[in-house]
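Please look through the sequence and the model shown here, and then follow the paragraphs below from one region to the next.

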Amino acid sequence: MSTTTGRVPLLDPETDRFPDKYTPQGALDAVTAAEKARDDAGGFADDAEAAAASIAKGQPNGVGSLDGSGKQPESQVPARLSSQALTDMIAAVNESPAVSFIPIGDSLTAYSGGTSIATPVQAMSPQIYDGKGIHAWLRVYMAGDMRMIGNAGIGGQTSAQIAARFDTDVLAHKPDIAAILAGTNDLPDGTNGASTIANLQGMYEKAAKAGILVLATTIPPATAAQAGQETLRLRVNQWMRGYARSHRGVILADIAAAWQDPTLTGFKVVAAYVHDGVHPSMLGAAVAARVMAEALRPFVPKNRKNAAPAVAPFNLLANPHFIGSVGTTDANTKNVGGSWMINNISQGVTVTTAARTDGLRGNYVEIVVPTGKSFTMTTNVTVDGTKLAVGDEIAFNVTVQVAGIETGAVMRSLGATVQQYNGSSFGDRAHDIYSDGSLTPASPGWYGAGAAHPDGVYGFTVPSVAVGAGRTLVQVAVGAQGGGTYRFYGAQLENLTKIAAL
């Protein structure tokens, strides 16, 4: 069956992949066709606003519907569009909503942080996506193309307890994707895993009926298990693999295979992938998330959000595309265009800029960090009471391409932060991939020996946070601990409060 939900059609019934005609590129093709029609006609159209609105709502080719061949009937193509309407249409494509998802499960899910939407609501910080969270890293590896509606994880729960709240915690929110990770806390009950399988299958079938794509995640190994638990997990995982192969709309993420240490007897985890025998270290979370991201990538379209211009309230940053030359602020600090500050220059960190190579205008800033060193890049926005005022809800996102990340027994992290200044100190922070400083050589950071190679494009989206009373400026920061090459593309700080009021 074709799985579609809300504004984002996910699966083509023939190819089981995301249909090309529904991608932002398809919408841009429609803009090009409309622009040609406008040039030919030389005028303006009354339906320009409707055309732009239809793109914003995710309709595939501008306005109207598709005919049987998958093309828009000529009668529904606007003959004349104003330049402003075309600009609005392109902006709508750039701001096309990311695919939404909800992770549901036990503590392996709850570890990701964010806003709890579980029943009952769990105590977790809505301003933190934790670096030891599998689903936190999934968002990053999907480069901002997936938006977590909320976290439906509850520590200690069995698959039966998770299945019992699936309707309220997942179906009621109508996500595009449900990421289901359940069964770790199940104990042998004499059914050879049949009870766990029935609970999982029930959730899969409910999601399919609701038009929700399922990311079925195998039960990962642990350092130790109770009698019969390893056999139960192996049995359930084997069933899960077969079920995903035979049921369209169920995508398998086999994190069990990625976490298992083949040098050990039984179903045991690679020691560095967990920090307490069960729950992931930052490295383990990143490894699992990469497996999930690779499974989902064919079904999730890429958006172009990091093309946002410096126009308030959509982007409060003065220099989101790193325009300008690299200058010297002091012996330890370089700047880009006088606005972005990069530190640790005295440790051998180098900074350059160059034109983007992904088809969008603007620059990227490339930061090369020596082995064992670190850097932080920051820029500030004034709380002026107009563009940004106390109480306004803000959110930051940025894209980074990484290559040549070092390996070895040193603490490593990579993440983004929004923090607020009151004239004397920083506070009211929000983090994407938060590192609590607990990483050690035995429990390494986001990359280390045995991990999937991390070269690629990642997207950080810091949880939204309100501007606190007495705050005079907001600072956004990105940084890394560990050598390598980091290229940052279009950054965006949105004023969500003022956008909602438009």
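In what order do the 8 strands of the open sheet run? In this predicted model, the order is S4-S18-S17-S20-S15-S12-S11-S10, and the pairing is mixed. Strand S4 (128–130) and strand S10 (326–330) are the edge strands, each of them pairing on one side only, and the twist from one strand to the next averages 25 degrees.

Elsewhere in the chain, helix H8 (residues 194–209) has 16 residues and reaches 22 Å from its first C-alpha to its last, close to the 22 Å expected at 1.5 Å a residue. Its buried residues are Thr 196, Ile 197, Asn 199, Leu 200, Met 203, Tyr 204 and Ala 207; they cover an arc of only 165 degrees around the axis, which puts them on the same side of H8. These buried residues pack against helix H6 (159–164), helix H7 (166–169), strand S7 (177–181), strand S8 (213–217) and helix H9 (229–246). After H8 comes Gly 211, whose phi is positive, near 75 degrees.

The loop between S8 and H9 holds Thr 218, which counts as buried because its relative accessibility is 0%. A polar atom of the Thr 218 side chain lies 3.1 Å from the backbone nitrogen of Ile 255, and beyond its neighbours within four places in sequence, Thr 218 is in contact with residues including Leu 181, Asn 237, Met 240 and Asp 254.

How values were computed:
Residues are numbered from 1 along each chain as its sequence is written. This is a predicted model: local features need pLDDT of at least 70, side-chain atom pairs count only at pLDDT 80 or more; totals for chains, interfaces and linings use all residues. Side-chain values use heavy atoms; hydrogens and water are left out. Helices (H or I, at least four residues) and strands (E, at least two) are DSSP runs, numbered from the N terminus. The expected span of a helix is 1.5 Å times one less than its number of residues. Buried means under 20% relative accessible area, exposed over 50%, partly exposed in between (1.4 Å probe, protein chains only). The arc is that of the directions from the helix axis to the C-beta atoms. Contact means heavy atoms within 4.5 Å. A polar contact is a pair of N or O atoms within 3.5 Å; within protein, one must be able to donate a hydrogen and the other to accept it, and residues adjacent in sequence count only if both atoms are side-chain atoms. Two strands pair if DSSP finds at least two bridges between them. Axes are lines fitted to C-alpha atoms, for helices over the stretch in contact, and angles run from 0 to 180 degrees between N-to-C directions.
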